[in-house]
Number of protein chains: 2
Amino acid sequence: MAVKFAKRLDNLEGSAIRELLKLTARPEVISFAGGMPAPELFPVEEMKKVSVAVLEEQGKIALQYTTTEGYKPLREKIAERMNRKLKTNVTADDILITSGSQQGLDFSGKVFLDEGDIVLCESPSYMGALNAFKSYQPKFIEIPTDENGMIMEELEKVLEENDRVKMIYVIPDFQNPSGRTWPMERRQKFMEIINKYEIPVIEDNPYGELRFEGEFLPSLKSLDTKGLVIFLGTFSKIFCPGYRLGWTCAAPEILTKYNICKQGADLQASTISQMEVNKFIEMYDLDAHVENIKACYVKRRDLMLKTMEEEFPDCVKFTHPQGGLFTWVILPENVNASEMAQKCLEKNVAYVPGDSFFPNGGVYNCCRLNYSNMPEDKIVEGIKRMGEVLRAELEK
Amino acid sequence: MAVKFAKRLDNLEGSAIRELLKLTARPEVISFAGGMPAPELFPVEEMKKVSVAVLEEQGKIALQYTTTEGYKPLREKIAERMNRKLKTNVTADDILITSGSQQGLDFSGKVFLDEGDIVLCESPSYMGALNAFKSYQPKFIEIPTDENGMIMEELEKVLEENDRVKMIYVIPDFQNPSGRTWPMERRQKFMEIINKYEIPVIEDNPYGELRFEGEFLPSLKSLDTKGLVIFLGTFSKIFCPGYRLGWTCAAPEILTKYNICKQGADLQASTISQMEVNKFIEMYDLDAHVENIKACYVKRRDLMLKTMEEEFPDCVKFTHPQGGLFTWVILPENVNASEMAQKCLEKNVAYVPGDSFFPNGGVYNCCRLNYSNMPEDKIVEGIKRMGEVLRAELEK
């Protein structure tokens, strides 16, 4: 067969995480690899009542097509929630419902990127976003980071030197993979720079509500005076991922382009899923549910950090995330995290090697650990096994 | 604001149908415009039991992430069903679950089309597909059709003369918008031609199971010996569209590309929706449900055709679909279907003017009428009102 694929596929590979997750599906594997929420917190009993109520009250509407922008009562609730939690000032009309925030990432590439355009991102950055953007054949310039996230002087330098920067992708809160959060002054400085260069910003915020400690920091979207920030939100981490519901919040002239993408991509998000999540928010207390999630995750984070301190050699460094799902481990330079991952898998422990979080590659001694998905005894056991592998590696 | 969008957006407009559907949402409008199933046939009571059963038995799995390719028991049922209904010979591994078949259309563009590549399609063809492909900046060559669908001599001529044809998009069964079906000899001739030129074919088959009369005809996929046919299926028309579930069935080396697209686009289809549709098929009889749908639609088709014969002037022609959801009306050349649509809307009747089904434009005297969504009294009343407008147009 001589079928010819599009050139964009030449650089596209399957996600290393998604492939790894297949390996880690075996029940005996202690997995710190995915970004999965704790399933024991899912509101299963509540959703039984919710789904019956939706079908009872509006069954024919729930099973039919709906508008591309999404179910209005849900968009209203999202806008109200963003304004309350993130200090934005938006309405339902500023919201497009997407199939997870991942779809907002894909649309961002589709809306802004021609082949050869430049995307700026934190170094490291979320590989799922980088893979989505790669379909549109951009170049990536990674902006160096420190323990407080993106370094603004470095950002400004890159913007001065490059005129084909089409968008900037950032995760200012509890970043994936590093767990780092930008302090207030960086956010303000960032918006100053952005306003000067007028570059669209994709603010990916799946974890913002999951703050365990430290002061609240406003979203970039709430600091945006020029309509440059495109905010991506999701129900995956504050509710559950199985419904695949997220949203894009942007200025009208930008959101209308995302809406056109949505029409072509899949017409609309699931009608019944939107109505069910909306109904859950009406019948139950989503804020209280988020508090339960935080109470569970902060314990798991504490336990993972404490066990790493006890079990890992001193030369291994890791971040102390104030929220979210991940910590980022920096191994000594001579340790290859991918090779070590194989050895850990042999001991039935999994994590994601860090190199795929660098779009231009070249960093091999880091790894991302997820603490939200495993119960406490497995966190301790898994970190202990990793510690054994690590010590053996260092003795080589 | 000086934000620069990608060039691909220059030619992208919102779907005329989706915009029209907003206008036709008013309850007093008799709409032949959408492609919506009859909501009174949706299995609302059954889905109450199904959703409780899924959450009861596997709640934590249903609300969690799953694999990109989709829920295996559902993929197995789809493969079994395709083999039984469409005479294919496929397995679960040949199936990728998508967000409606619309997502399979978008991925087809992403997988095969570089800017300037040529897509062949029937003239007219489904505008939602054309819009999805337009994101990837191809050129379209429309292959002329007659009452039996695509004319094979014309197809062969175009293939001889053009070497940048990257894919062929067809709807051989009860085509959208024309309602036409390719007879067996065209299917065989088509496969001969395709095998000679080795061009990938997107076989869009949302309506194939909804045959009211005439003999069964095998899908192109079942005649495909070289792995060139990519089959797109959906639950929207045989079950309900609110779940947004469809599938792509293709040879492994092609399907793996679609899988990579799915990862970037939205990671996976809704876990719980997949499990619910799967459970419905286990608990109830989908074949019997399809029979109910057919029994309803054939009556509506008969009534629409009969009323058009009575109410429309003789110079107006229309197709006699053997299945599916649409009939195609050809007005005298001097009647502009878009202008007439405005006048019909004033009388609270809506349809889709035909011009947007021609990717290269230029045809203004056709319209697509849907008969699946309106109850019988409204079909009669709507066609009568259209007849009045038509006669007034012709007297001008």
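**Entry 1. Helices on the sheet of chain A**

For the helix angles I take axes as lines fitted to C-alpha atoms, for helices over the stretch in contact, with angles between N-to-C directions running from 0 to 180 degrees. The model I am reading is a predicted one.

I looked up helix α3 of chain A, residues 72-86, to see what lies under it. Helix α3(A) lies across β2, β8 (229-234) and β9 (246-249) of chain A. I noted its angle to β2(A) as about 110°.

I then looked up helix α9 of chain A, residues 252-266. This helix lies across β2, β7, β8 and β9 of chain A. Its angle to β2(A) is about 25°. I wrote down that β2, β8 and β9 of chain A are listed under α3(A) and also under α9(A).

**Entry 2. The sheet itself**

In which order do the eight strands of the open sheet in chain A stand? I read the order as β2-β9-β8-β7-β6-β3-β4-β5, and the pairing is mixed.

I checked one pairing in detail. Strand β6 of chain A (residues 165-170) runs parallel to β7 of chain A (residues 201-204), and three bridges join them.

I turned to chain B and found an open sheet of four strands with antiparallel pairing, ordered β10-β11-β14-β13. The edges are β10 (317-318) and β13 (352-353) of chain B, and each of these pairs on one side only.

Strand β13(B) is joined to β14 of chain B (residues 366-370) by two bridges, and the two run antiparallel. Here Val352(B) stands opposite Arg368(B) in β14(B).

I also looked up the helix on this sheet. Helix α11 of chain B (residues 286-311) lies across β10, β11 (326-330) and β14 of chain B, at about 15° to β11(B).

**Entry 3. Where the two chains meet**

How many residues does each chain give to the contact? I noted 82 residues from chain A and 83 residues from chain B. The two chains bury about 7,000 Å² between them, and 60% of that is on carbon and sulfur atoms.

For polar links I have 32 residue pairs in polar contact across the interface of chain A and chain B, counting pairs with both residues at pLDDT 80 or more. Which elements of chain A supply at least two residues each to the side that touches chain B? My list is α1 (16-23), α2 (44-62), α4 (100-112), α9 and α10 (271-283) of chain A. The largest share, 10 residues, comes from α2(A). By type, the residues on this side of chain A divide into 35 nonpolar, 24 polar and 23 charged.

The rule finds six salt bridges across the interface of chain A and chain B. One of them joins Asp106(A) to Lys110(B), with the closest N and O atoms 2.8 Å apart.

**Entry 4. A salt bridge within chain A**

Over all chains, the search of the whole structure gives 66 salt bridges. I picked out Lys347(A) with Glu388(A), whose closest N and O atoms are 3.4 Å apart. Lys347(A) is in the loop between α12 (337-346) and β12 (349-350) of chain A and Glu388(A) is in helix α13 (residues 376-395) of chain A, so this pair ties together parts 41 residues apart in sequence.

Most peptide bonds are trans, and most residues other than glycine have a negative phi, so I looked for exceptions.

Asn176(A) and Pro177(A) are joined by a cis peptide bond, with omega about 20°. Pro177(A) sits in the loop between β6 and α7 (184-197) of chain A. In chain B, a cis peptide bond joins Asn176(B) and Pro177(B), with omega about 15°. Pro177(B) lies in the loop between β6 (165-170) and α7 (184-197) of chain B.

Gln137(A) is not a glycine, yet its phi is positive, at about 55°. I located Gln137(A) in the loop between α5 (127-134) and β4 (139-146) of chain A.

**Entry 5. Asn360 of chain B**

Asn360(B) is placed in the loop between β13 and β14 of chain B. Which residues does Asn360(B) touch, not counting those up to four places away in sequence? I found Phe140(B), Ile141(B) and Glu142(B). A polar atom of the Asn360(B) side chain lies 3.0 Å from the backbone oxygen of Phe140(B).

I also took a C-alpha separation: Asn360(B) and Gly100(B), 260 residues apart along the chain, are separated by 26 Å.

Technical notes. Residues are numbered from 1 along each chain as its sequence is written. Chains are lettered from A and ligands numbered from 1 in the order in which they are written. This is a predicted model: local features need pLDDT of at least 70, side-chain atom pairs count only at pLDDT 80 or more; totals for chains, interfaces and linings use all residues. Side-chain values use heavy atoms; hydrogens and water are left out. Two strands pair if DSSP finds at least two bridges between them. Contact means heavy atoms within 4.5 Å. Buried area is the accessible area (1.4 Å probe) that two parts lose on being put together, summed over both. A salt bridge is a side-chain nitrogen of Lys or Arg within 4 Å of a carboxyl oxygen of Asp or Glu. A polar contact is a pair of N or O atoms within 3.5 Å; within protein, one must be able to donate a hydrogen and the other to accept it, and residues adjacent in sequence count only if both atoms are side-chain atoms. Ala, Val, Leu, Ile, Met, Phe, Trp, Tyr, Cys and Pro count as nonpolar, Asp, Glu, Lys and Arg as charged, and the others, Gly among them, as polar.
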